[in-house]
Number of protein chains: 2
Amino acid sequence: MKEWLDKHLKALNLTDSMNQAEGFCRLGYTEEEWRAIDVFVSIAEDIGLKVQRDEAGNAIARWEAEDSSPAVAAGSHVDTVKGGGGYDGVAGVLCGLAAVKKLKEEGFEPVIPIEVICFASEESSRFGVSTIGSKAMSGLLNKKEVEDVTGEDGITIRQAVEGMGLSWEAIEKAERPEKAIKSFIELHIEQGTRIEDAGADFGAVTAVACPIRLKITIKGQMGHTGTTPMGKRKDAFVAAAPLVPFISETALSLSDSNAVPIVATASTFELKPNAMNVIPGTVELGVDIRSVDDSLKKEMEELIRKKCHQLSESFGVKIEVKTLVHNPSVQLDEAVMRKLQQSGESLGYKALVLESGAGHDVMNMAAKWPSGLLFIPCKNGLSHHPEEYASIEDLEMGTEIIAQYLKNETSI
Amino acid sequence: MKEWLDKHLKALNLTDSMNQAEGFCRLGYTEEEWRAIDVFVSIAEDIGLKVQRDEAGNAIARWEAEDSSPAVAAGSHVDTVKGGGGYDGVAGVLCGLAAVKKLKEEGFEPVIPIEVICFASEESSRFGVSTIGSKAMSGLLNKKEVEDVTGEDGITIRQAVEGMGLSWEAIEKAERPEKAIKSFIELHIEQGTRIEDAGADFGAVTAVACPIRLKITIKGQMGHTGTTPMGKRKDAFVAAAPLVPFISETALSLSDSNAVPIVATASTFELKPNAMNVIPGTVELGVDIRSVDDSLKKEMEELIRKKCHQLSESFGVKIEVKTLVHNPSVQLDEAVMRKLQQSGESLGYKALVLESGAGHDVMNMAAKWPSGLLFIPCKNGLSHHPEEYASIEDLEMGTEIIAQYLKNETSI
């Protein structure tokens, strides 16, 4: 099994070695992503699955059963960010395929169908729009809203999709009826270290934290750094700076005093004019706030707005706070979570029940079908990074847990 | 006089109206600067001066006297920053020419020569190297050090100089012997509001504050904003942010407790990777420190270094502080300063004795000749800005003060 996982991990990453100094780059709706999906298709066919590509480019590998009831599905994606790792996404489709292979080798016969799904274009790196394939499958894709969204290369989502030989007009047909799927699970690397920190082996996820994102614009007054006395300045940077520790400290204290954690980050910053001899006139600060508790996110936003008001008064600058994104967090199906937890525990693995701080395809699937998310550890919590790493042992554990879950769900 | 000033102010700015929404753009060693210098030459010739261009492109307009003693010189520049105003530099050459015109009209005959100098390429906007013309004239131009410095357009200083028909090899010949000049004065807009704030009419400047500039690099650790708990971060932005108010507050308190002011500004900032869902891994902060008191600048630098050390320990990040620029401040000639002050006061104008927070051509001339700097007010202290403005009344006052000074210095 380890050997098979190692070989097909590399195959799905289109490589002979997982050590890539520059990482991987398979953006959504590009030739690179398509080649990796082709590898997924050929592995699936090798282990005896029948594969269909849908109108969004998703590949659905199906193990038919006599009873054509709704399928029990597992899946993830094979696209990456720029300079990303070879486990974010790939681990999920690889372990899904490996679980099917294991069940076949054991002579298992499911009474209802099993599917392994490879979703198209999960990462937001190319267009700033994430999980396009799973949005299409679950009926959440807003065609009009996203079709003209343009990547750095000047190509729109519509053009990119059509460039892969698909029809943008037909993409809505990728939506599947409720009765097509019984439940959906995704395996993903944790992208954090909570599993390790807790001395556990894997994670069973309760909910996916989706962000509130703010853009804070602070307008002070430019001036010559040499000729404007300290007491006569409206330096936008001086007014903005206290927000950064405030955001960090407030998130820490809210996490300490609530049942679930919250994270908040001042992650983007632009300073104008950004010249050595000019006092900063304008700064723009981007803030990312996440928690599975939406009211906690809202509380954090309100505290930031209050702080901005205070800073505006203290420094005589104009501060505008815009809510760029306000995505309610997604609660996963509790029964599916418990089944994943029990599947792992029955094999002797120690579970941690936790939340996901990052978004995944499962959050779209959860809008329509009972869905669950399984985490395996990744080294130092690193992801979206060339040094992203999960051990073959953990991929094997993930495979075993998925196999156990599928077996339980598709036996009589 | 007012009419003449207004007309020639526009002529030197190559325009019919000083209201330019986008400001002016006459970078050093470009056709635009050369056209403005041509206007300077033609005005000078119109009022009866003899003009020479030197090997650095400076224009020297001379009123010969029977006694060929060292000349009493006044001057400034006509180049601008991008989107700059029409007074920074131009005011100095305009008032110099106007003063000569006034003296000629009064029938004054100097016993020693008077010069009005228009220096080439004062601003650092094109190459990051300032006051090239006055450096060449005073023998401070380090040819080897600057010749390959390249502007945004990919052109080196050497190529730019040669592009104007000058010889880079010969540029050192622009240096003038000590005995060529008796004293030098420059009139400039204040680029601040201290004159107005003090209820004075003009400024007599004691010294030019030259900067210490620091580049502070803070290295933390990137991570996913959604999956990295608050307590497990090494956010470079969170570690860096306290520096910004620290720098501002420390400069304010040092100014309050010392005889001369100090200004310090966190003026440039780069955050990497600057992505909404990634914790900042590295930030680079540029700091500009100015005071005419070099020991005060040094004290400020040391306090910043100490604070960086503390922040590095507190946040577990690496902080490197590099001194990019350490230019000793320039003391102007006290006798010349007093004479400028008295010239103005004798005409009924109220003087403020102050320092210059910005660099000017005079700081190079001061290295070789007794030199002084005269400030006239500018609206709201704005400069390097399309709305930079000085009134015709203040240009007239500047003209009168220069004329008075030249008369005193070149009479028997």
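Trainee: What is the relative accessible area of Lys2(B)?

Mentor: Lys2(B) has a relative accessible area of 38%, which makes it partly exposed (buried means under 20%, exposed over 50%, partly exposed in between; 1.4 Å probe, protein chains only). This is a predicted model, where local features need pLDDT of at least 70 and side-chain atom pairs pLDDT 80 or more, while totals for chains, interfaces and linings use all residues. Residues are numbered from 1 along each chain as written, chains are lettered from A and ligands numbered from 1 in written order, and side-chain values use heavy atoms without hydrogens or water.

Trainee: Which side chain meets that of Lys2(B) in a salt bridge?

Mentor: Side chains of opposite charge can pair when their charged atoms come close. A salt bridge here is a side-chain nitrogen of Lys or Arg within 4 Å of a carboxyl oxygen of Asp or Glu. Lys2(B) pairs with Glu396(B) at 3.0 Å, N to O. The two residues are 394 apart: Lys2(B) sits in helix α1 (residues 2–12) and Glu396(B) in helix α13 (residues 392–410) of chain B. Helices (H or I, at least four residues) and strands (E, at least two) are DSSP runs, numbered from the N terminus. Glu396(B) is buried, at 17%.

Trainee: How many salt bridges are there over all chains?

Mentor: The count is 56. One of them joins Glu115(A) and Arg62(A) at 2.6 Å, N to O. Glu115(A) lies in strand β6 (residues 114–119) and Arg62(A) in strand β3 (residues 59–63) of chain A, 53 residues apart. Glu115(A) is buried, with 1% relative accessibility.

Trainee: Which parts does the salt bridge between Glu355(A) and Arg194(A) tie together?

Mentor: The closest N and O atoms of this pair are 2.9 Å apart. Glu355(A) belongs to strand β14 (residues 351–356) and Arg194(A) to helix α7 (residues 194–197) of chain A, so the bridge ties parts 161 residues apart in sequence. Glu355(A) is buried at 16%, whereas Arg194(A) is partly exposed at 26%.

Trainee: Which residues does UniProt list under "binding site"?

Mentor: The unreviewed entry lists Arg213(A), Asn277(A) and Arg290(A). They do not all gather at one spot, because the farthest two C-alpha atoms are 37.4 Å apart. UniProt positions follow the numbering used here, with feature names shortened, and annotations may be inferred rather than shown by experiment.

Trainee: Where does Asn277(A) lie?

Mentor: Asn277(A) is in the loop between β10 (263–272) and β11 (282–291) of chain A. Beyond its neighbours within four places in sequence, its contacts (heavy atoms within 4.5 Å) include Arg213(B), Arg290(B) and His384(B). Arg213(A) is in strand β9 (residues 210–219) of chain A. With neighbours within four places again left aside, Arg213(A) touches residues including Arg290(A), Met276(B) and Asn277(B).
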